[in-house]
Amino acid sequence: QVQLVESGGGLVQPGGSLRLSCAASGSIFSISDMGWHRQGAGKQRELVAAIASDLSTNYADSVKGRFTISRDNAKNTVYLQMNSLKSEDTAVYYCSANIASGSGTSWYRYWGQGTQVTVSS
């Protein structure tokens, strides 16, 4: 089994910063792309940032210049550094990873349970 566990969410004031972490564990053969999505209240889930195995990245326009995604392959971990946070960044943030498990050769998108980020004064 493969699990993704997020951490680092919480309450922060506008203009502040948070760093989210997401570690994958279990029977993992390989991980290709990893990323973060978010879902605000009453909104659909949207892509925030993604990072490929070659470290290429892409970001939602709303977070470009403020958020940075990175990964540590040795730790099977992806990070999201969030700076200059705005109230509209308030959402549940979900980690995901495209993983080939040790029990098979097919790829599957795994999701974390979500971590709440609230930006408020």
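Predicted model: local features only at pLDDT ≥ 70, side-chain atom pairs only at ≥ 80, totals over all residues.
I took strands (E, at least two residues) as DSSP runs numbered from the N terminus, and I counted two strands as paired if DSSP finds at least two bridges between them.

Residues are numbered from 1 along each chain as its sequence is written, and side-chain values use heavy atoms, with hydrogens and water left out.

**Strands β7 and β8**

I then examined β7 and β8 (residues 77-82), which run antiparallel and are joined by six bridges. Phe67 stands opposite Met82 in β8.

Gln81 is also found in strand β8. I recorded Gln81 as partly exposed, at 27% relative accessibility; buried means under 20% relative accessible area, exposed over 50%, and partly exposed in between (1.4 Å probe, protein chains only). Beyond its neighbours within four places in sequence, Gln81 is in contact (heavy atoms within 4.5 Å) with Ser17, Leu18, Arg19, Arg66, Phe67 and Thr68. I also found a polar contact of 3.0 Å between the side chains of Gln81 and Asn83. A polar contact is a pair of N or O atoms within 3.5 Å; within protein, one must be able to donate a hydrogen and the other to accept it, and residues adjacent in sequence count only if both atoms are side-chain atoms.

**Disulfide**

The disulfide joins Cys22 to Cys95, with an S to S distance of 2.1 Å. Because Cys22 lies in strand β3 (residues 18-26) and Cys95 in strand β9 (residues 91-101), the pair ties together parts that are 73 residues apart in sequence. The link of Cys22 and Cys95 is left-handed, with -85° about the S-S bond. Both cysteines, Cys22 and Cys95, are buried.

**Gly8**

Lastly, I located Gly8 in the loop between β1 and β2 (10-12). Gly8 is partly exposed, with a relative accessible area of 33%. Leaving aside neighbours within four places in sequence, I found Gly8 in contact with Leu18, Arg19 and Leu20.

Definitions and conventions
Disulfide = S-S within 2.5 Å. Helix = DSSP H or I, 4+ residues; strand = E, 2+ residues; numbered from the N terminus.
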